[in-house]
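The sequence and the model are shown here.

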Amino acid sequence: MEKIPVIYWSGTGNTKLMAEAVAEGIGTAADLKSVSDITPEQAAEYSALALGCSAMGAEVLEEDEMEPFVAEVEGFASGKTIGLFGSFGWGDGQWMRDW
């Protein structure tokens, strides 16, 4: 069975908890990874990905690690199954819909 990486960035631990829950839902195929523990090149080898991040500032992705990672994933995302999850404490979650 092919692994499915659950790749996340978490500033306070809340998104990490969400990533752990997503990984638990996936089961034994899940491969939980902080975004700092996987390269876009490694992620490109999988046919499915789960990506998670908390909203920053004006409801945007974390800019130092997650946003550059996602920009590279966009280059090879066609044909892959990708699930997105995130957390926010303000606004209405438009950033998730935009992501």
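This is a predicted model: local features need pLDDT of at least 70, side-chain atom pairs count only at pLDDT 80 or more; totals for chains, interfaces and linings use all residues.

Together with helix 1 (residues 14-26), strand 1 and strand 2 form a β-α-β unit that is right-handed.

In soluble globular proteins, nonpolar side chains tend to be buried together. Here the largest nonpolar core has 16 residues, and those with the most contacts inside it are I7, A43, L49, L51, M66, F69 and W99. Two or more residues of this core come from each of strand 1 (4-9), strand 3 (48-54) and helix 3 (66-74), with helix 3 giving the most, namely four residues. Once neighbours within four places in sequence are left aside, the contacts of I7 include A43, L49, L51, M66 and F69, as well as K33 and V35. There is also a second, separate core of seven residues, among them Y8, A23, A30 and F85.

V73, which is found in helix 3, counts as buried because its relative accessibility is 3%, where the cut-off is under 20%. When residues up to four places away in sequence are not counted, V73 touches L49, L51 and I82. Its C-alpha atom is separated by 8.7 Å from that of E41, although V73 and E41 are 32 residues apart along the chain.

How values were computed
Residues are numbered from 1 along each chain as its sequence is written. Side-chain values use heavy atoms; hydrogens and water are left out. A nonpolar core is a set of buried Ala, Val, Leu, Ile, Met, Phe, Trp, Tyr and Cys residues joined through side-chain atoms within 4.5 Å. Buried means under 20% relative accessible area, exposed over 50%, partly exposed in between (1.4 Å probe, protein chains only). Contact means heavy atoms within 4.5 Å. A crossover is right-handed if, with the strands pointing away from the viewer, the path from the first strand over the helix to the second runs clockwise.
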